[in-house]
Protein chains: 2
Amino acid sequence: MYKLILSDAGVCASDGFFADGISAGLKAQNAKDMAFIYSDTECEVASVFTTNKMEAAPIKHFKNKGNFKTNFVLINSKNANAMTGIKGLEDIDEILLECGDDKVNPLMSSTGVIGNRLPKEKIIDGVKLFDITQKNPHAAALAIMTTDSYSKECAFRVELDDGSSFNIGAMAKGAGMINPAMATMLCFITTDANVSKSDMQEALDESVKTTFNAISVDGDTSTNDTVLILSNAKSGVYQKKAFKEALTKIMHFLALEMTRDGEGATKLVTYNITGAKDDKEAEVVAKALSDSLLVKTALYGEDPNWGRIASTVGASGVEAYEEKLKISFDDVCVYDKGEVFFNEEMEIKAAKVMTHAKFTISCDLGIANGKFKAYGCDLGYEYVKINADYRT
Amino acid sequence: MYKLILSDAGVCASDGFFADGISAGLKAQNAKDMAFIYSDTECEVASVFTTNKMEAAPIKHFKNKGNFKTNFVLINSKNANAMTGIKGLEDIDEILLECGDDKVNPLMSSTGVIGNRLPKEKIIDGVKLFDITQKNPHAAALAIMTTDSYSKECAFRVELDDGSSFNIGAMAKGAGMINPAMATMLCFITTDANVSKSDMQEALDESVKTTFNAISVDGDTSTNDTVLILSNAKSGVYQKKAFKEALTKIMHFLALEMTRDGEGATKLVTYNITGAKDDKEAEVVAKALSDSLLVKTALYGEDPNWGRIASTVGASGVEAYEEKLKISFDDVCVYDKGEVFFNEEMEIKAAKVMTHAKFTISCDLGIANGKFKAYGCDLGYEYVKINADYRT
């Protein structure tokens, strides 16, 4: 057995990791826009990237390296360095050259507007402001934000029964473009667990399915989505099950925080699909619901319009029957196999549920045992406002 | 050869067809909410329906009939008679019984809110107000509207070289939930062409691909989508090519009108995809763009954010390369294989294009000859407003 103890040390939760965020003038008003993560020893790396074919330069740069250890990640916001071709890769090389000889296989990660070259001089000037002896995880988490309204961090100390322990901590940014199949998201995880690269990759691949790949803000998938784990193994301690659970808990927390902080979002909704033909079909339904504009605007309007939910289930392409379907808002069942129908009393109860900042919409398809949970948010005026003039 | 001559007679363009719209109190303020189409002889029918598994009662009712001729279609708005189970079918039977013995295999079609039983008494009272000697196609077109802001009709007289002619006319309603794979749309087409049922069905199936199945307002597919053609063959005239062209032109016009009148839409955008691996992949890209929230909100904001377009192409799953892609707004090329890049001058030009009510976004994937055109609109505050409280 083991215990997970929450920490507020973010990506600096483990001994030997340093981080900070500074302003290099990429964002207006001296907001923080560059961050680093530094490790005083070399780290194994595990990673998951976007499936977007137009992958950004930093992702190509990473993939070009093959197998390697690193001790440094440089992150900038405001500019995604995507659709920048060979020049985008050359910019990264030039910038990373300026990071100093003590950086081993330094990495770069970018988020922001697509299609502009990086402001190289500003970033190089920013690199010179970095002090790698700092442990300011919160400043780093602030610096990687784009349209996020708050920073996202999570960390655990994992205590095993024999009194030994290891740490795992993370920061992330999300906001728009969050889609099942990654998101406009960056997530950096650090650990001192004595985990092998392959175990780390396996745990990451598995956790991503029910966390970052189960959330949707607007159904778009970005060019830059990245999750990295760095492990320095300093604790000398590792237990597979505990590591996996801690990692999944952290990623789950950050995924829900991203959804809750979706652009203009006021509600965090869990779509709990059961009774589908199989898990895959349940996933299709859950993601169809979390992506549906009609459902999302009904959530915003706090209108328990279950007809739109039924219609979206029907349109998702999976096996589904009007006479087997059951729909609930939390514990208020509004449609049950065509026998229980919505009435005024239920409508009032269901509308009440929808006033909450967090609730669950359940659909039981009544066919077999397939199940999946996805997470989404509502879509209101703020989303339109943010996205109608994102670049200005 | 042949000539197509525009007419404003809508579904009454052909001899022997009658139509009207009345108010039965389903909508507020005595707005028209029930319509009929009547033919003084029996008609062959061709049809296309939604692919939504939760198909509405009127669609089940139609499909249960098998092969038949009809002379009457009753249409109501405000209530979709969907998710109403066996009761929904029984309601249709009861209502149609009241339509009079002169109605042969009468049909019903509904649009509006999902999940409520039809207000049967009101509808039966409405039926009694019908005067089947009326030719008021415009009143009928008004009665079938839901959130449409204007009615949609189109008709042609088709003149052949030998001086003979036939007619074809239509009315439609659209607005929200318009998705590639039909839409929250109803479309009724009447003709006196001497066309066989099989030719009529073939022409309809083919035309729907590039018209009603190529448009998107919000990516949702409704429970009620229906296109019907009724032919009374009264002209005794038919020419396959002319019939097909007239039908496609009518459906294309109505499809674009639906998109232009998408909920809250201010712009009608053509997505012209070329150079894809094949036509299917071009279609995937075109529909991904017309459905993308990030693209739609950028359109609304008149922000020529081509990075979002590139990202959506990349996320669509088709073969695509940053170094082969070309993106234009009308004739303003903003990205060309990573060689031509966006600059301030181009940005001003492209932003100018976006101020128009109608423009084309072209993406050439530079791979092979696959091509497809889809049609979409922007998404602004009005969409959210309409859909956050549709039912109230």
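**Figure 1. The largest nonpolar core of the predicted model holds 251 residues**. Ile168(A), Ala170(A) and Val285(A), together with Ile168(B), Ala170(B) and Val285(B), touch the most other members of this core. In soluble globular proteins, nonpolar side chains tend to be buried together.

**Figure 2. Surroundings of Ala170(A), one of the core residues that touch the most other members**. Neighbours within four places in sequence are left aside here.

**Figure 3. Chain A as a whole, with eleven helices and 15 strands**. The radius of gyration of chain A is 22 Å, close to the 21 Å that the globule rule gives for 392 residues, so chain A is as compact as a globular protein of that length. The C-alpha trace of chain A spans about 70 × 55 × 30 Å along its principal axes. Of the 392 residues in chain A, 60% are buried. When contacts in chain A between residues at least 6 apart in sequence are considered, 80% of them join residues at least 24 apart.

**Figure 4. An open sheet of six strands in chain A**. The strand order is E9-E15-E11-E14-E12-E13, and the pairing is mixed. Strand E9 (215–216) and strand E13 (332–336) of chain A are the edge strands, each pairing on one side only.

**Figure 5. Pairing of strands E12 and E14 of chain A**. Strand E12 (residues 326–329) and strand E14 (residues 358–364) run antiparallel and are joined by four bridges. Within this pair, Ser328(A) stands opposite Ser362(A) in E14(A).

**Figure 6. Helices H6 and H7 of chain A against the strands**. Helix H6 (residues 240–260) of chain A lies across E9, strand E11 (268–276) and strand E15 (370–377), and runs at about 45 degrees to E15(A). Helix H7 (residues 279–291) of chain A packs on the sheet, where it touches E9, E11, E14 and E15. The direction of H7 makes about 15 degrees with that of E15(A).

**Figure 7. The side of chain A that touches chain B**. Here 49 residues of chain A are in contact with 49 residues of chain B. Helix H8 (293–300), helix H9 (306–315) and helix H11 (381–388) of chain A each supply at least two residues of this side. H9(A) gives the largest share, nine residues. By residue class, this side of chain A divides into 22 nonpolar, 18 polar and nine charged residues.

Technical notes. Residues are numbered from 1 along each chain as its sequence is written. Chains are lettered from A and ligands numbered from 1 in the order in which they are written. Two strands pair if DSSP finds at least two bridges between them. Two residues are in contact if their C-beta atoms, placed from the backbone, lie within 7 Å. Axes are lines fitted to C-alpha atoms, for helices over the stretch in contact, and angles run from 0 to 180 degrees between N-to-C directions. Ala, Val, Leu, Ile, Met, Phe, Trp, Tyr, Cys and Pro count as nonpolar, Asp, Glu, Lys and Arg as charged, and the others, Gly among them, as polar. The radius of gyration is taken over C-alpha atoms; the globule rule is 2.2 Å times the number of residues to the power 0.38. A residue is buried if 20 or more other C-beta atoms lie within 10 Å of its own, exposed if 12 or fewer, and partly exposed in between; C-beta atoms are placed from the backbone. A nonpolar core is a set of buried Ala, Val, Leu, Ile, Met, Phe, Trp, Tyr and Cys residues joined through C-beta atoms within 7 Å.
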